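Biologist: I would like to learn how to read a structure like this one, feature by feature. Could we look at it together?

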Amino acid sequence: MLKKTTAIGMTLALLGACSQNPKPTPAPVSRPPAERPQPPSPPPEPPARPALPALVPLPALVEPGTGAGFTIASDTIILIGSNATDAQRAPARQLAEMIRRATGTTPAIVTSPPAPLPQRSFIALSLIVPPAPISLGVGPEGYDLIVRSEAVLLRAETPAGLFYGIQTLRQLLPYWSEYEAVLFRQPRTVNLPPLHIRDMPRYEWRGAMLDVARHFFTVDEVKSFVDLLALHKINRLHLHLADDQGWRIEIKKWPDLTLQGGATEVGGTPGGFYTQAQYTDLVAYAAERFITIVPEIDMPGHTNAALSSISELTCTGQAAPRFTGTDVGFSALCVDLEFTYRFLDDVIGEIAAITPGRYFHMGGDEVKTLKPEQYRAFVERVQAIVQKHGKEMIGWDEIAAATLLPTSIVQHWRPAAGGADLARAPQLVLSPANRAYLDMKYDRDTALGLNWAGLIPVRTSYDWDPAALVPGARVLGVEAPLWSETVATMRDVEFLAMPRLAALAEVAWSPQEARGWDTFRARLGAQAPRWSALGLNFYRAPEIPWAR
Ligand code: TNX
């Protein structure tokens, strides 16, 4: 591994890209402009600096380069180490596909760097795995990208880092690369601006949640949501798989859960569910984009779909009637029955077995029918079951009242929650409903969405510092939930998610001191042609200068 890495390293060294062999920096280092007060009388105009590309989320460091940049032409190749594993080849294939759409030609992926330097123009993807002679120092998800006229050099310590570098390259390609139309497939060259980007995420948990229980979304629809997350370097997709209105994941020991509980959704339209094979396919699709699926079975409340499918789960032994409304808080598992825990062991065991990610989400929110001590004992028992099946438990912030393992995660959602319980939480994911909930309306006139946590214009979802929200807490990151009481199609999902999902992705990825509303607005507005090319039904918030 090291031998081959060194071979690419030599290529990079010859090009002056290694930190051991620095070239004089051609252009002054400039962090992306942060909001700073302007001096009262401006000094003489400095020489015009090349405009920085409009990237979302903002990278940690962007330095403009000099010269003409790099031209991707029909003879450009992608260079990777000859020892590349499949996980390392996947980002290279994704880049090749992106370039095909941009230029009409699929670049060859060439292993083992030819020596001397290839005569053809190349984009080198290089894994510099610690401990390596040269440490990149960008961490497990970071990357370093250099665009020069001779070559493009993308280096990372992991395949995930390469993937995020490629997402940045994607935003450097012209927006029309997102079209599939034959019209655009004539061979053409594409120019990338000269620059150096050194980038790494602020938080390890950069999540979104989709509620597939209130309204069901098919595997293909969820895959399109995954694509949207990947573009924004989001790495967790939390699926809310069960609620009062529907149970969406096959449990082989309990087929009635999906036969009965999967058949409904809000409004009485037919629901649906994922077979375990479909779920596995979705997990793999997300994994190729470095996104971990976090499955949630909400309990002990929000369980009417289960209670109406399996009569033994209720305290009366009578199956509950089906429910397709939007009230919350009325249902609860019968927590004093041993049967309940055998059932949960089956459910959690089967889901854990098909979920490679580390987490299982037990919900735990809005239980209005249990005494506090019943609730706490329930959470602690479920925590033990989750641990037995090899997963780390996550739950909504009510679970902080229980005694939690150091590995358990509390997902903060109630803006007014806080105080002692949250401070006791071993670790937090932040989804404050008044900033991070994608199902809140933008303004009073927004047709879709709810407003119980307030109206959330784009600036409100963008302008906050996660580190300041719960002082002293160990914050893993940020997650943007999209509850689906009022959304039934992917067009609806996209309308509420975009552009706020992009804003929250930047909150989770970019350094607090580098980002600011004014530069964000401009960079966000510049995404419009790409989003249109992708066919996204985004909300053209009036405060954003959308590019045409
Ligand atoms: C609160 S957030 C809920 C959900 C609703 C959502 C609607 C949370 C843990 N519980 O059951 O769908 O509000 O915004």
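Biologist: Is Cys-334 buried or exposed?

Modeller: Buried means under 20% relative accessible area, exposed over 50%, and partly exposed in between, with a 1.4 Å probe and protein chains only. Cys-334 has a relative accessible area of 5%, so Cys-334 is buried, whereas Cys-315, at 63% relative accessibility, counts as exposed. Please keep in mind that this is a predicted model, in which local features need pLDDT of at least 70 and side-chain atom pairs count only at pLDDT 80 or more, while totals for chains, interfaces and linings use all residues. Residues are numbered from 1 along each chain as its sequence is written, and side-chain values use heavy atoms, with hydrogens and water left out.

Biologist: Which residue does a disulfide join to Cys-315?

Modeller: A disulfide is a covalent bond between the sulfur atoms of two cysteines, and here the criterion is a pair of cysteine sulfur atoms within 2.5 Å. A search of the whole structure finds one disulfide, and it joins Cys-315 to Cys-334, with an S to S distance of 2.0 Å. Both cysteines lie in the loop between helix H7 (304-307) and helix H8 (338-353), so the pair ties together parts that are 19 residues apart in sequence. Helices here are DSSP runs (H or I, at least four residues), as are strands (E, at least two), numbered from the N terminus. The torsion about the S-S bond of Cys-315 and Cys-334 is about 105°, so the disulfide is right-handed.

Biologist: How many residues surround the ligand?

Modeller: A residue is near a molecule if one of its heavy atoms lies within 4 Å of it. In this model 13 residues surround the ligand, and the closest are Arg-214, Tyr-437, Asp-439, Trp-452 and Glu-485.

Biologist: Which polar side-chain atom lies 2.6 Å from an oxygen atom of the ligand?

Modeller: The atom you ask about belongs to Glu-485, while an N or O atom in the side chain of Arg-214 is 2.8 Å from an oxygen atom of the ligand. The side chain of Glu-366 has an N or O atom 3.3 Å from a nitrogen atom of the ligand. Taken alone the ligand exposes 360 Å², and the protein buries 97% of that, where accessible areas come from the Shrake-Rupley method with a 1.4 Å probe.

Terms used. Polar contact = N/O pair within 3.5 Å; in protein donor to acceptor, adjacent residues only side chain to side chain.
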